[in-house]
Each structure stands twice: as structure tokens, then as C-alpha cells.
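The stops below run from the whole chain to single residues.

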Amino acid sequence: MDPRLLSKAFNLGRDNYYDRAIRLFDQGRFEEALELFALVREGQGKPDHFTDRLANFYTAESYANLGSEALKNRRWERAAYCYAEALKIHPHYADLNYHYATALRSKGDRSEEHTSELQSPCNLVCRLLLEKK
């Protein structure tokens with residue numbers, strides 16, 4: 001017998017919220033997926049450490065995808081917000097920092113507040129991008 005059928009029959013799946021969120025993520029419905037990932041991260045459903053870590057990862061990925069979409073559509077404020085949310089989870093991801101800096105620069109925000117957020121050595125390119133006239 002197929003193990004997936006057994007797991008569904010006895011409700012042994014990872015977590016209903018997580019499973020639904022992953023399906024939405026795979027369909028590119030990131031806003032809806034974020035709502036369900038938030039429930040998983042808040043401990044609703046069947047919480048376990050592994051599922052929580054995966055929900056964190058996919059939350060950041062959802063925000064990154066929304067940020068990329070906003071960047072393509074020249075919605076700088078939205079892109080900066082989405083990348084900032086992703087960076088709360090993965091602050092050392094160079095590509096997130098780069099795209100965040102790109103969004104800030106595109107919207108004309110080169111404030112000290114944002115430049116100081118990018119002080120780690122891995123963010124040198126991002127700081128330079130913001131400082132560039």
C-alpha cells in the first residue's frame with residue numbers, strides 16, 4: 001500500500017496548515033501562503049521543530065518572491081517592505097540584501113537608518129549601491 005495514502009488515512013501528514021501553505025506557494029500564491037505559514041509559526045496545527053523551520057524558510061522565500069514581483073513592477077515601497085520582512089528571517093542572505101538595497105535606492109531612500117542596517121562585511125556592495133549617486 002502507498003505510504004502517502006496511509007498517512008492521509010490516519011491524518012499523519014506534517015501539518016494541515018503547512019501542507020496547504022506549500023501547495024499555495026507552489027502555485028505562486030504567496031500572499032495566501034504567508035497567512036498559513038504564519039499559523040504554523042504561531043504553533044497552530046501540529047507543531048514540530050522541523051515544520052517550524054520549514055515554515056520560516058518558506059515565509060522568507062514567499063516575501064522574497066513578492067519583493068521580486070514588486071521590483072519588476074517598479075513598486076519600490078512594496079519591494080523594500082517584502083525584502084525587509086525576508087531579511088528578518090535570513091539577515092545574511094546576500095541576494096536579499098542586494099535586492100533590498102536596490103529597492104531602497106530605486107525609491108530614493110538612502111537614509112542613514114537603512115545604510116546602517118547593511119553594516120556587515122557581506123553587505124559592502126549593498127552599502128555602495130545605496131551610496132552611489
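Color the protein chain by secondary structure: it has eight helices and zero strands (DSSP runs, H or I of at least four residues for helices, E of at least two for strands, numbered from the N terminus). This is a predicted model, in which local features need pLDDT of at least 70 and side-chain atom pairs count only at pLDDT 80 or more, while totals for chains, interfaces and linings use all residues. Residues are numbered from 1 along each chain as its sequence is written, and side-chain values use heavy atoms, with hydrogens and water left out.

Now show the surface. Of the 133 residues, 37% count as buried (under 20% relative accessible area, 1.4 Å probe, protein chains only).

Next, select Tyr18, Phe37, Ala79, Tyr83, Leu96 and Tyr100. These have the most contacts inside the largest nonpolar core, which has 28 residues (buried Ala, Val, Leu, Ile, Met, Phe, Trp, Tyr and Cys joined through side-chain atoms within 4.5 Å). Helix 2 (16-26), helix 3 (30-41), helix 4 (49-72), helix 5 (76-89) and helix 6 each supply at least two residues of this core. Helix 4 gives the most, with seven residues.

Center on Tyr18. Leaving out residues up to four places away in sequence, Tyr18 touches Phe37, Val40, Thr51, Leu54, Ala55 and Tyr58 (heavy atoms within 4.5 Å).

Finally, select helix 6, residues 94-106. Buried residues in helix 6 include Leu96, Asn97 and Tyr100. After helix 6 comes Gly108, with a positive phi near 85°.

Technical notes: Buried < 20%, exposed > 50% of the residue type's maximum accessible area, 1.4 Å probe, protein only.
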